[in-house]
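Me: Please take a close look at one part of this assembly, the contact between two of its chains. I would like a connected account of what makes it up.

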Amino acid sequence: MLNNMRRMHVHHDQLEVRTHGKGLYEVSDQIESTIDKCGIQNGTVTVFVQHTSCSIVIMENADPTARRDLEEFFDRVVPEDADYFTHDAEGSDDMPSHIRMVLTRTSETVPIADGKMQLGTWQGIFLFEHRRAPHRRKVFVSLIGE
Amino acid sequence: MLNNMRRMHVHHDQLEVRTHGKGLYEVSDQIESTIDKCGIQNGTVTVFVQHTSCSIVIMENADPTARRDLEEFFDRVVPEDADYFTHDAEGSDDMPSHIRMVLTRTSETVPIADGKMQLGTWQGIFLFEHRRAPHRRKVFVSLIGE
Amino acid sequence: MLNNMRRMHVHHDQLEVRTHGKGLYEVSDQIESTIDKCGIQNGTVTVFVQHTSCSIVIMENADPTARRDLEEFFDRVVPEDADYFTHDAEGSDDMPSHIRMVLTRTSETVPIADGKMQLGTWQGIFLFEHRRAPHRRKVFVSLIGE
């Protein structure tokens, strides 16, 4: 069994993240649980969000003011009321959600060593929701390692 | 043969993307073909562009207005005529191309399951060209899986 | 021995990068050395920075004016004196450092073929320091390949 676990292999998992409006939702614990379950000790985990109106970011996870300021920054740099947006079928937060996604990330790849993600002390993995309405977001997790 | 294909391995491929000015060029089908050819069923694919004046992004691939608005956003946030640019040996789109590349991505890593990229319904992989002149862009594709 | 090296495996390494103020610090040679040492010929390398106030970017590595213009761009788009920042316990470069990190990258994944990173002619891997004070930055390097 142990032998089998230490062979290089791929393990996939899918998470659902329920969001209720714009903001950062931490998923670090869910990713860590997936790693625990699959038994990979050394390798990488790729966290991939299957949408174009939310993103994945690594961010300071201790002080909530850092997250609030980040959201305020995006509201100013990618405002909902930009007069040149033509892609607005789903409302004023439609086009800004795509731009915010492009400016951040669709995936993050994090090293795993000794069975743990090698995040720094203040790093958390967050789903960054860019829409105002509640959503169920699908996150695909790919682990490769031994 | 089948046995051999299901062993963990690495497969590389190189694509050339011909661009004719700024904008988004979808490469999803070419990546999917590479996956089909190499036989990897489960793993990841890393799409890496070997240039500093174009990028890789995942973007909404259904409605072209979303892509036009995105390009307009970048024209406004990283304008060609910023008076503080000194790196302009190749013209006014030289420095903005590097900044746009840094604000987006050089690579994307996408999970592969059951022989298919796990893109969401509206996700496409695009080469984002930041130069006005036509270019032949080299994209290196790395697949790891079993 | 050779047989062993060509088996798929994971290799980890940790680098320390000493920074002395905001700016780009190239780490390409250190990553290349790690690849040489571990003997992986084909695969990928993930370069992951374990902090939330600096980033990893791939950038033009020939002309220093490109890097100076990039830094100037970030000073203008994410200024230290934005009046809405509340997260400033560590000074006026505290919150901007998190935003610049989110706008760039925490990791880069680069293909390795024939024992070499497949960077384009003008691509370098840089640690992008966003703080003014000197720091010792930890970079975790994950190689997967055969």
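**The interface of chain B and chain A**

Reply: In this predicted model, the rule finds 12 residue pairs in polar contact across the interface of chain B and chain A, with both residues of a pair at pLDDT 80 or more. Salt bridges across the interface of chain B and chain A number zero by the rule. On the side of chain B that touches chain A, at least two residues come from each of β3 (43–49), β4 (54–60), α3 (64–77), β5 (107–113) and β8 (134–145) of chain B. With eight residues, α3(B) gives the most to that side. Sorted by class, the side of chain B that touches chain A holds 16 nonpolar, 10 polar and eight charged residues.

As for extent, chain B brings 34 residues to the contact and chain A brings 31. About 2,600 Å² is buried between chain B and chain A, and carbon and sulfur atoms give 65% of that area. Of the area that chain B buries against chain A, 22% is supplied by B:Asp69, B:Phe73 and B:Arg105, more than any other three residues supply.

Chains A and B also meet a helix of the remaining chain in the account, α4(C). Its buried residues pack against β4 (54–60), α3 (64–77) and α4 (94–103) of chain A, and against α4 (94–103) of chain B. Within chain C, they pack against β4 (54–60) and α3 (64–77). Helix α4 of chain C (residues 94–103) is largely enclosed by the rest of the structure, because 10 of its 10 residues are buried. Among them are C:Asp94, C:His98 and C:Arg100, along with C:Ile99 and C:Leu103.

How values were computed. Residues are numbered from 1 along each chain as its sequence is written. Chains are lettered from A and ligands numbered from 1 in the order in which they are written. This is a predicted model: local features need pLDDT of at least 70, side-chain atom pairs count only at pLDDT 80 or more; totals for chains, interfaces and linings use all residues. Side-chain values use heavy atoms; hydrogens and water are left out. Contact means heavy atoms within 4.5 Å. Buried area is the accessible area (1.4 Å probe) that two parts lose on being put together, summed over both. A salt bridge is a side-chain nitrogen of Lys or Arg within 4 Å of a carboxyl oxygen of Asp or Glu. A polar contact is a pair of N or O atoms within 3.5 Å; within protein, one must be able to donate a hydrogen and the other to accept it, and residues adjacent in sequence count only if both atoms are side-chain atoms. Helices (H or I, at least four residues) and strands (E, at least two) are DSSP runs, numbered from the N terminus. Ala, Val, Leu, Ile, Met, Phe, Trp, Tyr, Cys and Pro count as nonpolar, Asp, Glu, Lys and Arg as charged, and the others, Gly among them, as polar. Buried means under 20% relative accessible area, exposed over 50%, partly exposed in between (1.4 Å probe, protein chains only).
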